[in-house]
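Welcome! Have a look at the sequence and the 3D structure below, and then let this briefing guide you around.

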Amino acid sequence: MLTGRSPSPSSSDRVRPDVAVVGAGPIGLAIAWRCAARGLRVVVHDPAPGSGASAVAAGMLSPVAEAYFGERQLTGLLLASAARWPAFAAELTETTGVDIGYRTEGTLMVGLTGDDLAEARRLWAYQQGLGLPVTPLRPSEMRDREPALAPRVRGGALAPTDHQVDPRLLVPALRAAAQRAGAVLVPKPVRFLSEVDAPVTVVAAGCGAAALTGLPVRPVKGQILRLRAPDGVAPGFRHVIRGYADGEHVYLVPRTDGEVVLGATVEERSDTTVTAGAVQRLLRAGVDLLPELAEYDLVEAVAGLRPGTPDNAPILGPLPDRPDVLAATGHHRHGIVLTPITADLIADLVLGGVPDPLLAPFRADRFGGAAAVAASGGPEPTLEGDLWS
């Protein structure tokens, strides 16, 4: 689409950007960073960068543990992006000097009861059938790795290549990297695409992409808790733990500063109200798996909105009837892990105009019919930075 910064722009377009990005969550900021680093003039529109779903996200990089039935193409994209994370994290830290909380201890997947373990083993067998690194563990082997696990836990498996990052550190780092590369942040909402003046517009607005583009992106509510270990010490476990506890599926993500993220509900709702029932279910399941959590401080209960799509996969690439508008949205549970590959693929498309074959399963027209571009009407969207795991 573009071939780089024009060496001699005319006075009439001297300040006109090459690329406008709508949405300053991890996806939008990473795209802005990649485009600006390649010499393009970039503006990013968002009234409150980093205040969307990424502020709620746990930050699990879990292509293996989140490889689900019927999502083979999505799993392939998750694996490809996770493989880019070590270099992406190192480059971002080197560029900004910001520690983004990238950790590589791996993910421990566990089942509390016999029924929980049977359900988990069914999924692990599917994941192993895809050739993914899932190692079943006996209860004694699990407790060698994590002694704090409850004695009732019946069994588990290790996904050693599933890592984590802290989204609340990631977003400021991406913002700094994008701005150092020359991207300009415009703290104003975009109501209609006609308000954006650039040869290429990238819509990375999470749930707000629906109103801007007509794409089938819907909010999927998730409630999440943050706990803190007593006296500011590190949590009593190192791995990310994903567990089934009496039918409740939860995850626990330890941070080095003593924080533990406990989540998350999946609700087909568009409100961000925290409910007593959700808090109760999450705490019960978390304490059942790790009893020491009962002594931790409960410091935050919050809800956010994932941008879901009909097939749970992201929408990446040009709109069917607007080749100058590129979608980078609909990441649902996987926005953090998919940040590096989304940024690279969209930046490549902006510069070269030829879609990478990796984009083919995630085209905007795969749901049938052309998206109705909301370029001149429709309600004002709520910008939500892509997304959260």
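Predicted model: local features only at pLDDT ≥ 70, side-chain atom pairs only at ≥ 80, totals over all residues.

Residues are numbered from 1 along each chain as its sequence is written, and side-chain values use heavy atoms, with hydrogens and water left out. Helices (H or I, at least four residues) and strands (E, at least two) are DSSP runs, numbered from the N terminus.

**How α2 meets α5**

- Two packed helices are described by the angle between their axes and the distance between the axes.
- Helix α2 (residues 72–96) packs against helix α5 (residues 167–180) at an angle of about 65°, and their axes are 9 Å apart. Axes here are lines fitted to C-alpha atoms, for helices over the stretch in contact, and angles run from 0 to 180 degrees between N-to-C directions.
- α2 and α5 are therefore roughly perpendicular to each other. Angles under 35 degrees count as roughly parallel, over 145 as roughly antiparallel, 65 to 115 as roughly perpendicular and the rest as oblique.
- The crossing of α2 past α5 is left-handed. That word applies if the near helix is turned anticlockwise from the far one by less than a right angle, and right-handed applies if clockwise.
- On the α2 side, the contact is made by Trp85, Phe88, Leu92, Thr95 and Thr96, and on the α5 side by Leu170, Ala173, Leu174, Ala176, Ala177 and Arg180. Contact means heavy atoms within 4.5 Å.
- Sorted by class, the contact of α2 with α5 has eight nonpolar, two polar and one charged residues. Ala, Val, Leu, Ile, Met, Phe, Trp, Tyr, Cys and Pro count as nonpolar, Asp, Glu, Lys and Arg as charged, and the others, Gly among them, as polar.

**How α1 meets α8**

- α1 and α8 pack at an angle of about 45°, with 8 Å between their axes, and are therefore oblique to each other.
- Their crossing is right-handed.
- From α1, the residues Pro26, Ile27, Ala30, Ile31, Arg34 and Cys35 meet Thr339, Thr342, Ala343, Asp344, Ile346, Ala347 and Val350 in α8. The residues of this contact divide into nine nonpolar, two polar and two charged.

**The nonpolar cores**

- Which members of the largest nonpolar core touch the most other members? Of its 55 residues, they are Val21, Ile31, Val42, Trp85, Leu92, Val202 and Val350.
- At least two residues of this core come from each of β1 (19–22), α1 (26–37), β2 (42–45), α2, α5, β9 (200–203), β16 (322–329) and α8 (339–352).
- A second, separate core has 27 residues, including Ala148, Val250, Val279 and Ala285.
- A nonpolar core is a set of buried Ala, Val, Leu, Ile, Met, Phe, Trp, Tyr and Cys residues joined through side-chain atoms within 4.5 Å. Buried means under 20% relative accessible area, exposed over 50%, and partly exposed in between (1.4 Å probe, protein chains only).

**Residues to look up**

- Leucine 92 touches Trp33, Gly97, Ile100, Leu170, Ala173, Leu174 and Ala177, not counting residues up to four places away in sequence.
- Arginine 34 lies in helix α1 and is buried, with a relative accessible area of 12%. Beyond four places in sequence, arginine 34 touches Phe88, Glu91, Ala343, Asp344 and Ala347.
- Leaving aside neighbours within four places in sequence, leucine 79 is in contact with Pro63, Val64 and Leu132.
- Leucine 158 sits in strand β6 (residues 155–159) and counts as buried at 8% relative accessibility.
- Isoleucine 336, in the loop between β16 and α8, counts as buried at 0% relative accessibility.

**Backbone geometry**

- Most residues other than glycine have a negative phi, and most peptide bonds are trans.
- The peptide bond from glycine 263 to alanine 264 is cis, with omega near -10°. Alanine 264 lies in the loop between β13 (259–263) and α7 (276–289).
- Asparagine 312 has a positive phi, near 65°, and is placed in the loop between β14 (297–308) and β15 (315–319).
- Histidine 332 also has a positive phi, near 50°. Histidine 332 is in the loop between β16 and α8 and is buried, with a relative accessible area of 4%.
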